Amino acid sequence: MAATAPPGAWSRAQRTAVERFHVRLESLVVLLALAAAMSILSPFFLSVSNFLNILLATSTIGVLAIAATFVIGSGGLDLSLGSVMGLSGVAGAFVAVNLGMPSAFGVLACILTGALCGYVNGQIVTRAFVPAFIVTLGMLGIARGLALVISGGRVIYGLPEWLLYLGQGRPWGIPVPVIIFVVTAIVAHCVLAYTRFGRHTLALGDSEGAARAAGIRVERQRRILYTLSGGLAGLAGMLFMARINSGDPTAGLNYELTAITAAIIGGTNLFGGRGSILGTMIGALIMGVLQNGLNLLAVQSYYQQMAIGAVLILAVFIDQYQLRKETRT
Amino acid sequence: MTLLTLSGIRKSFGAVDVLHGVDLSVAAGEVVGLVGDNGAGKSTLMKTITGIYRADAGEIRLDGNDILHLDPGQRREIGIEMIYQDLSLAKQQDVASNIFLGREPVKKAFGFIPGIVDKARMDREAATMIQRLGAHLPSINRAVGSFSGGQQQTVAIARALTFNPKLVIMDEPTAALAVREVQSVLDLIRRLKSEGIAVILISHRLNDVLAVTDRIVVLRHGRAAANLETAKTNMNEVVACIVGGNDMAAAAAHEQQG
């Protein structure tokens with residue numbers, strides 16, 4: 001078979017060497033090129049503090065993108081990520097501020113609220129046979145509405161100090177959200193790439209029939225995945241809430257767009273079967289660098305939204321183009 | 001010695017009755033051909049054996065034990081394997097991932113993190129299995145979707161044979177293969193028989209069925225219409241049972257030519 005390595009002269013051997021780490025080569029090249037371009041365009045880009053800024057801004061999106069990778073990798077879809085994140089933050093702030101309960105309960109409230117939303121998604125998808133697209137789109141509306149109801153449409157201010165530390169603390173100069181994000185990513189990477197659960201997730205997204213024939217309990221797997229996705233959205237909600245020191249019912253608006261884009265750029269197949277957290281992290285960093293760079297260049301945020309949308313479509317185009325070339329159907 | 005017994009298997013999908021009480025038994029090391037027209041219920045019957053479908057009524061026993069309540073994973077564990085017509089492969093995953101899907105061996109990473117899939121062992125054993133089948137794959141680490149039809153079939157067969165099955169069900173294993181590949185599948189069936197593994201072969205190619213089976217069961221309108229000993233039957237009789245009397249002569253003549 002002829003070497004059909006698209007763009008440039010990457011041989012199959014070089015390609016596999018990189019892909020052993022479950023990363024798509026192109027995304028790494030794009031990230032480095034983007035970073036190089038930004039450091040030429042802006043004198044402020046290349047610094048440790050800006051690097052930490054990018055990581056901090058990426059931490060919320062990054063956690064959501066991990067959730068997106070699992071669900072999309074399994075052939076599903078979770079459009080409710082952003083809304084569930086917003087609801088979770090409000091729930092956590094409500095518990096910690098309005099109810100005056102200890103910080104730990106606030107953290108727990110965030111994650112459990114998210115997991116519960118995901119659990120409901122999973123139950124409806126697997127038991128009522130409503131397509132995931134519709135179920136999670138519905139949840140997008142429900143969770144956002146519920147966040148506004150609980151908070152009365154107002155931002156809940158004044159988190160307790162310990163909770164605040166989770167968002168704004170800087171042990172050894174590293175923001176706590178970055179630490180939580182990186183640890184979550186490492187664990188998630190190992191789960192997806194090296195455990196039976198992770199392999200079954202991708203196999204399920206590849207071919208549900210094959211997974212079923214192999215004896216994998218498909219519905220159960222999906223329910224766990226949606227619950228996990230919701231729980232991660234809850235974690236993202238907690239990180240965001242603690243960082244901005246408030247439970248904002250509009251937090252996470254349109255974040256699912258960026259999260260799904262990050263996952264797709266990172267090599268997750270939109271229709272399932274392929275994906276890695278390491279790749280997704282590169283995708284999330286691309287989104288982070290893009291946003292950070294556009295900020296430094298003082299580009300209006302309206303244009304950033306457009307840029308993200310365009311990147312998503314472009315990423316899926318490239319993905320589909322390659323897939324058509326590489327596999328026989 | 002009877003390995004598998006089905007009795008009174010019924011299955012319907014909504015208003016459509018597919019199986020109306022099928023009886024079937026397979027002995028250890030026996031090769032049974034299952035033939036019948038399209039829509040006779042062959043694939044449905046096989047999927048009730050593997051557990052993909054749950055029979056509405058009836059009994060399935062393996063080695064005398066009732067297995068009706070077991071799910072597909074559990075039925076694989078007790079030795080029932082099926083090679084599906086569409087092969088049921090995860091095409092973006094590599095050879096070992098497919099062969100070991102659902103049964104990945106695990107180890108402890110760094111000696112203390114449990115539940116880590118032992119990919120090196122999977123690759124090693126997959127390569128051995130492919131070699132034992134006498135097949136050649138371009139690379140064991142490539143997505144199976146990039147292989148040819150015959151190569152993909154090899155992976156599907158390897159998956160069915162790796163865990164020492166007692167019964168292998170093959171649904172149209174030769175339908176999409178070249179002449180030489182058909183011969184190797186038939187050889188494989190004979191080899192399984194000699195190892196004491198029972199095989200149920202579903203095929204429209206009656207020549208293949210007559211060549212390799214001990215017994216032929218004809219399914220018609222959701223019932224086991226005939227149970228023929230291969231050595232004592234012929235193409236005409238089999239075709240007659242499949243089409244059910246009418247137009248028999250014409251159909252038989254046609255098959256004989258083919």
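Trainee: Is Arg196(A) buried, partly exposed or exposed?
Mentor: Keep in mind that this is a predicted model. Buried means under 20% relative accessible area, and exposed means over 50%. Arg196(A) has 31% relative accessibility, so the label is partly exposed.

Trainee: Which residue forms a salt bridge with Arg196(A)?
Mentor: Side chains of opposite charge can pair when their charged atoms come close. Here the closest N and O atoms are 3.2 Å apart. The partner of Arg196(A) is Glu104(B).

Trainee: Is Glu104(B) buried or exposed?
Mentor: The cut-off for buried is under 20% relative accessible area. Glu104(B) comes out at 5%, so it counts as buried.

Trainee: How many residues apart in sequence are the parts that Asp94(B) and Lys119(B) tie together?
Mentor: Their side chains meet in a salt bridge, 2.8 Å from N to O. Asp94(B) lies in the loop between strand E6 and H3 of chain B, and Lys119(B) lies in helix H4 of chain B, so the pair ties together parts whose separation in sequence is 25 residues.

Trainee: Where do Glu125(B) and Arg121(B) both lie?
Mentor: These two form a salt bridge, with the closest N and O atoms 3.0 Å apart. Glu125(B) is partly exposed at 32%, and Arg121(B) is partly exposed at 33%. They sit four residues apart, about one turn of the helix, and that helix is H4 of chain B.

Trainee: How many salt bridges are found over all chains?
Mentor: Some charged residues join in a network of salt bridges: Glu208(A), Arg212(A), Glu219(A) and Arg222(A). A search of the whole structure gives a total of 17.

Trainee: Which strands stand at the edges of the open sheet in chain B?
Mentor: The sheet has four strands in the order E2-E1-E4-E5, with antiparallel pairing. An edge strand here has a single partner, so one side is left without a neighbour in the sheet. In chain B, that describes E2 and E5.

Trainee: Why is helix H1 of chain B largely enclosed by the rest of the structure?
Mentor: Look at its residues: the buried ones include Leu45(B), Met46(B) and Ile49(B). The helix is largely enclosed because the buried count is seven of the nine residues.

Conventions: Residues are numbered from 1 along each chain as its sequence is written. Chains are lettered from A and ligands numbered from 1 in the order in which they are written. This is a predicted model: local features need pLDDT of at least 70, side-chain atom pairs count only at pLDDT 80 or more; totals for chains, interfaces and linings use all residues. Side-chain values use heavy atoms; hydrogens and water are left out. Two strands pair if DSSP finds at least two bridges between them. Helices (H or I, at least four residues) and strands (E, at least two) are DSSP runs, numbered from the N terminus. Buried means under 20% relative accessible area, exposed over 50%, partly exposed in between (1.4 Å probe, protein chains only). A salt bridge is a side-chain nitrogen of Lys or Arg within 4 Å of a carboxyl oxygen of Asp or Glu.
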